[in-house]
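Please keep the sequence and the model in view while going through the numbered points.

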Amino acid sequence: MAERRLSAPTVPAARTAEALAARRRKTDAALQRIQDALQRLAKTRTPITMAAVARQADVSRTFLYEHADAKTLVSEAMSRAAGRRIQDRRDEQAAMEASWRERALNAEDALKAANAEILAQREQLGDLLGQIKDLQTQWTEEDIIRITTDNGTLKRQVRELAAENKSLIEKLAAARDNVRFADKRIAELETQILEHQQRSCDQLGCD
């Protein structure tokens, strides 16, 4: 009878320990699935949300919110994702700015070249007109016709260059407007990302 009194309590204790160990194994397996799910979401650049993690890891949202380790894993992954998004926006902004700067510089160079060509054409036109006035009596009618034709051609070229000059000025102004718009838009996107990250941290209770 004494042996029965000593051995009887050990049966519930053994079952309790086994149940606790099984529960720990189940929890560890769930945490591993959560880590794997977070890695997949990060690799595919899929937005990390509680719903997405719960679905990918086959766990409940309650587990994600109430289990400290799970909550920390999701919170840290959200923070890293937000940081990557901000960096991606900055990289896009830098690439966009470089592209628009290059276009603006090209437009400015073309504008300078057009202005220089206009000045050269005007100087040449002035020289020809002066020659016509000074030497008209000494030139043959054929020379006068040729010079008059050249004069008309130069005038047309000046008009074309002036129109091209105006177009380049408009393109340069548009390029600068696009750069300013891109800067403003990217700043707004970064603000929205930071606000979203803050709201996520507030919901998760992260520092």
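1. Val-158 counts as buried because its relative accessibility is 13%; buried means under 20% relative accessible area, exposed over 50%, and partly exposed in between, with a 1.4 Å probe and protein chains only. The residue Val-158 is found in helix α6, residues 141–204. Helices here are DSSP runs of H or I with at least four residues, strands are runs of E with at least two, and both are numbered from the N terminus. Leaving aside neighbours within four places in sequence, Val-158 is in contact with Gln-121 and Arg-122, where contact means heavy atoms within 4.5 Å. From Val-158 to Ala-114 the C-alpha atoms are 9.8 Å apart in space, although 44 residues separate the two in sequence.

2. The model is predicted: local features need pLDDT of at least 70, side-chain atom pairs count only at pLDDT 80 or more, and totals for chains, interfaces and linings use all residues. Residues are numbered from 1 along each chain as its sequence is written, and side-chain values use heavy atoms, with hydrogens and water left out.

3. How far does the predictor trust the chain, in terms of average pLDDT? The average is 79, and 86% of the residues score at least 70; pLDDT is the predictor's confidence in each residue, from 0 to 100.

4. The secondary structure comes to six helices and zero strands. Of the 207 residues of the chain, 27% count as buried. Among contacts between residues at least 6 apart in sequence, 72% join residues at least 24 apart.

5. The largest nonpolar core has 20 residues, and those with the most contacts inside it include Ile-34, Ile-48 and Val-53. A nonpolar core is a set of buried Ala, Val, Leu, Ile, Met, Phe, Trp, Tyr and Cys residues joined through side-chain atoms within 4.5 Å. At least two residues of this core come from each of α2 (10–43), α3 (50–57) and α5 (68–135). Apart from this core lies another, of six residues, among them Ala-104, Leu-172, Ala-175 and Val-179.

6. Which residues does Ile-48 touch, not counting those up to four places away in sequence? They are Leu-38, Leu-41, Val-53, Ala-77, Met-78 and Ala-81. In α3, the buried residues are Met-50, Ala-52, Val-53, Ala-54 and Ala-57. Asp-58, which follows α3, has a positive phi, near 60°.

7. Asn-151 is also found in helix α6. With a relative accessible area of 11%, Asn-151 is buried. Its contacts, leaving aside neighbours within four places in sequence, are with Leu-125 and Leu-129.

8. Two salt bridges are counted, a salt bridge being a side-chain nitrogen of Lys or Arg within 4 Å of a carboxyl oxygen of Asp or Glu. One joins the side chains of Asp-150 and Arg-146, at 3.9 Å from N to O; both residues lie in helix α6, four residues apart, about one turn of the helix. Asp-150 counts as partly exposed because its relative accessibility is 32%, and Arg-146 counts as partly exposed at 45%. Arg-180 forms a salt bridge with Asp-177, the closest N and O atoms being 2.1 Å apart.
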